[in-house]
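Thanks for coming. I will go through one structure today, starting with the overall picture and then moving to individual residues.

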Amino acid sequence: MAKHQPDLIMCRKLPGIAIGRLCEKHDGKCVICNSLVHPSTLVRICDECSYGLFRHMCVICGDVGISDAYYCKECTQLEKDRDGCPKIVNFGSTKTDLYYKHKKYDFKKR
């Protein structure tokens, strides 16, 4: 996901023993490259990202997670699975700007 949206920032801290989860919308996709092929390695997230209710949230968007997250075979071979915790920390400035743009031009009820 971060490959296609460069303004998303990943946590990148030392991963712990918690397994990352994906929501229904992102189910089956690689966390790094967003591909749907050859899932091979489980995603491990850091202790801060898995604290409390965050353990069961999607690694990419923060929705309720329904399945385990995997890295694809290509990202495992390129050792992108060893870069740290892949949880998205912010939603990006473009989504924030879009929210305020819709709010600015929103029609008011009479």
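**Overall picture**

Of the 110 residues in this protein, 32% count as buried. Please keep in mind that this is a predicted model. The accessible surface comes to about 7900 Å², and carbon and sulfur atoms make up 56% of that surface.

On secondary structure, the protein has 2 helices and 6 strands. Reading from the N terminus, the order is β-β-β-β-β-β-α-α. If we take the contacts with a separation of 6 or more, 84% of them are between residues 24 or more positions apart.

**The core and its cysteines**

The largest nonpolar core has 23 residues. Which of its members touch the most others? They are Cys30, Ile32, Val43, Ile45, Cys75 and Cys85. As background, nonpolar side chains in soluble globular proteins tend to be buried together.

Take Cys75 from that list. Beyond four places in sequence, Cys75 touches Cys30, Ile32, Cys33, Lys80 and Asp81. Two of these contacts, Cys30 and Ile32, are also among the core members with the most partners.

With cysteines turning up like this, how many disulfides does a search of the whole structure find? The count is 0. Cys23 is in no disulfide, and the nearest cysteine sulfur, that of Cys61, is 3.5 Å away. Cys23 itself is buried, with a relative accessible area of 2%. Cys33 is likewise in no disulfide; for Cys33 the nearest cysteine sulfur belongs to Cys72, and the distance is 3.5 Å. At 16% relative accessibility, Cys33 counts as buried, because the limit is under 20%.

**Salt bridges**

The salt bridge count comes to 2. One of them joins the side chains of Lys13 and Glu48, at 2.5 Å from N to O. This pair links distant parts of the chain: Lys13 sits in the segment before β1, Glu48 in the loop between β4 and β5, and they are 35 residues apart. Is Glu48 buried or exposed? Glu48 is exposed, with a relative accessible area of 57%, while Lys13 is partly exposed at 39%.

The side chains of Asp68 and Arg21 also form a salt bridge, at 2.7 Å from N to O.

**Two loop residues**

Next, a residue from each of two loops. Ser50 is located in the loop between β4 (44-45) and β5 (67-68). Although it is a loop residue, Ser50 is buried, with a relative accessible area of 4%. A polar atom of the Ser50 side chain lies 3.2 Å from the backbone oxygen of Cys46. Setting aside neighbours within four places in sequence, Ser50 is in contact with Ala18, Ile45 and Arg55. Ile45 we have met already, as one of the core members that touch the most others.

Val89 lies in the loop between α1 (73-77) and α2 (93-104). Is Val89 buried or exposed? Val89 counts as exposed, at 57% relative accessibility, since the threshold for exposed is over 50%. What does Val89 contact, apart from neighbours within four places in sequence? The partners are Ile9, Met10 and Cys11. Val89 and Cys61 are 28 residues apart in sequence, and their C-alpha atoms are 9.5 Å apart in space.

**Backbone angles**

Last topic. Most residues other than glycine have a negative phi. Arg12 has a positive phi, near 60°. Arg12 is in the segment before β1 (18-19) and is partly exposed, with a relative accessible area of 33%.

Glu79 also has a positive phi, near 60°. Where is Glu79 placed? The answer is the loop between α1 and α2. At 45% relative accessibility, Glu79 counts as partly exposed.

That is what I have; I am happy to take questions.

How values were computed: Residues are numbered from 1 along each chain as its sequence is written. This is a predicted model: local features need pLDDT of at least 70, side-chain atom pairs count only at pLDDT 80 or more; totals for chains, interfaces and linings use all residues. Side-chain values use heavy atoms; hydrogens and water are left out. Helices (H or I, at least four residues) and strands (E, at least two) are DSSP runs, numbered from the N terminus. Buried means under 20% relative accessible area, exposed over 50%, partly exposed in between (1.4 Å probe, protein chains only). Contact means heavy atoms within 4.5 Å. Accessible areas come from the Shrake-Rupley method with a 1.4 Å probe; for residues, only the protein chains shown count as cover. A nonpolar core is a set of buried Ala, Val, Leu, Ile, Met, Phe, Trp, Tyr and Cys residues joined through side-chain atoms within 4.5 Å. A polar contact is a pair of N or O atoms within 3.5 Å; within protein, one must be able to donate a hydrogen and the other to accept it, and residues adjacent in sequence count only if both atoms are side-chain atoms. A salt bridge is a side-chain nitrogen of Lys or Arg within 4 Å of a carboxyl oxygen of Asp or Glu. A disulfide is a pair of cysteine sulfur atoms within 2.5 Å.
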